Amino acid sequence: MKPSLSWLDDPEVFSVGQLAPHSDHQIYADFTEAQQNFSSFEQSLNGTWKFKFSNNPQERPEKFYQENFDDHHFDSIKVPQHIELAGYSQIQYINTFYPWEGKQFRRPPYTLEDTSSMSGLFSQAADNKVGSYIKYFDLDPQLQNQKIRIRFEGVEKACYVWLNGHFLGYAEDSFTPSEFDLTPFIKNTNNKLAVEVYKYSSAAFLEDQDFFRFFGIFRNVKLIAQPSVHIEDLSIKPTLSADLKTGFLKLQCKINQQDSASLKITVKDAQGRQLFTTQKSINKDFQLSPIKIAPVHLWNNIDPYLYTLELTILQNNNILEAIPYQFGFRKIEIKNKIILLNNQRLIIKGVNRHEWNAKSGRVISKADMLQDIEIMKNNHINAVRTSHYPNQTTWYQLCDQKGLYVMAENNLESHGSWQKNSVIEPSYNIPGSLPQWKAVVLNRARNNYELLKNHPSIIFWSLGNESFAGTNLVAMQQYYQSVDDSRLIHYEGVVNNRKYEQQLSDVESRMYASPQEIVNYLENNPQKPFILCEYMHSMGNSVGGLNSYMNLLKQYPMYQGGFIWDFIDQALFVKDNVTNKLVLKYGGDFDDRVSDYEFSGNGLLFADRTPKPALQEVNYYYGK
């Protein structure tokens, strides 16, 4: 398999050599390791890497992945980190435009009946920055003589990967993990991992979110060993009886199996009491008859009760692999055009949230996440929309544990392809109904689902953000319907193309609709319950008038709340040359053009997580 730069130009090439997506379960040698949150199957590759920045593909060190390549002239970079924040490239914030607008003429491939622009669109582009990463490593002793994979938690925008001179594969979809099998080429010592990261590929047309446009390896990188019998994928499907008093737990596992083994299955309640245990011989597609739990304790945001599933792979009474996973019982449905959670009307008092740290951008820590959740809970915020991409998996685990309802959004926004200067003009909209853009968005839906399918906090799958509508979005909806009947499906963009409203979204979702517009919808034979996926734009002296929306909750059962835009400012700490103090800088403060300037500052919190006055208003009305 030989890599090709032409993949950057082609929307039909988005994954080469990647392992299939799977659930986010972690494996341990035993449950003592799990309690200590340490896995002897894992080896972190975070830290200092060798690095070379190039202004375009033609200037890159083309053979840098070869074992005998002389890299003494390379710099060093920290991983994870955005390349821009390491000082190598222009920091740029932009909202709806594509970042090259006004500088380079580009249209998405296969639009406007024109395919001639595809060749060289990004592979030969003078503005397509490149980061060439090298990491030398030895395998930790406990990982040696096992199957080994590498897991990149997040890489923007497109990457090629080699080990010891051998090409492994290519990946896009910046915000879901990419895994590659290292086993055929890995050595116990003196390994050379090479990663070539491009700022732009055809994926850039799908990732036009309202944020700072970074690139590089920005989430964790680790090696994972795989024992001779390994649970590759875990599907936990809790269901409830009609009276919600009895729970049924369905379990499915995909198992990579080289030897015979058995699987011990144990279910415990939140107090650690054993409710069920059994041991079964296993095969590659293992299923267990539903486990009955009665009486069942339901999960909701006030009482986020979690059970624990413990899976143990045993061979001659020796543990090969141990997996703990928390799960919860809850039921989300629409009855009589009203969203119900556990047979009670759902009221969303939510926010949109970007992953953000004022010092490190979208490279955030668990401490950042815990602080966000504490602020949300203290201010009566009960729901979060992961605008507009999958977050680190730790976030969903914390939402399970702390009790936040989650709208889990796909990594999709193509705003700049259908809205020009605030006018709807979809002549080259993607993904639209173009057959060449169908597989890539379905792949993103699959990545999102497979990774996060076991989290009770997720009550909505969101197909993406501001991407107009077409048959490819319908295909994404149909995919989710085919694999998951335990959640609702959300998509707002159909409001701009009503042709598809019967095929897209279980709810009527709008952005920034006035209270009167909501009333007009609800009093005109509404077909779906109504939510605001964005409202109360929190910029400047904002969030006044929130009471007008909260009053509607009392008047109209089909109105079910919404998500404030947004939770935290996007701004970066920079040392001021005059005062030598750290100051927060927004879009436009970095000589970035095209830029949307201070429009990145529309959070309830400043970028350092200091509350704004608007948060007091939210606390008062969300708490009533």
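**View 1. Cavities in the predicted model.** A search of the whole structure finds three cavities of 30 Å³ or more. A cavity is a set of points, on a 1 Å grid over the protein atoms alone, where a 1.4 Å probe fits but cannot get out; lining residues have an atom within 4 Å of a point. The model is predicted: local features need pLDDT of at least 70, side-chain atom pairs count only at pLDDT 80 or more, and totals for chains, interfaces and linings use all residues. Residues are numbered from 1 along each chain as its sequence is written, and side-chain values use heavy atoms, without hydrogens and water.

**View 2. The largest cavity.** Its volume is about 90 Å³. Of 14 lining residues, Pro99, Lys157, Tyr200, Glu207 and Arg213 are the closest to its centre. The lining has seven nonpolar, no polar and seven charged residues.

**View 3. The second largest cavity.** This cavity holds about 70 Å³ of space. Its lining includes Phe14, Glu172, Asn443 and Arg444. Helix α4 gives the most to this lining, four residues; helices are DSSP runs (H or I, at least four residues) and strands likewise (E, at least two).

**View 4. The buried side of α8.** In helix α8 (residues 613-622), Ala614, Leu615, Val618, Tyr621 and Tyr622 are buried. Buried means under 20% relative accessible area, exposed over 50% (1.4 Å probe, protein chains only). Exposed Pro613 and Gln616 lie on the face turned away from the buried side.

Key
1 Å grid on protein atoms, 1.4 Å probe; cavity = no way out; pocket = protein on both sides within 12 Å on 5 of 7 lines; lining within 4 Å. Points joined across faces, edges and corners; volume = space filled by probe spheres on them. Nonpolar A, V, L, I, M, F, W, Y, C, P; charged D, E, K, R; others polar.
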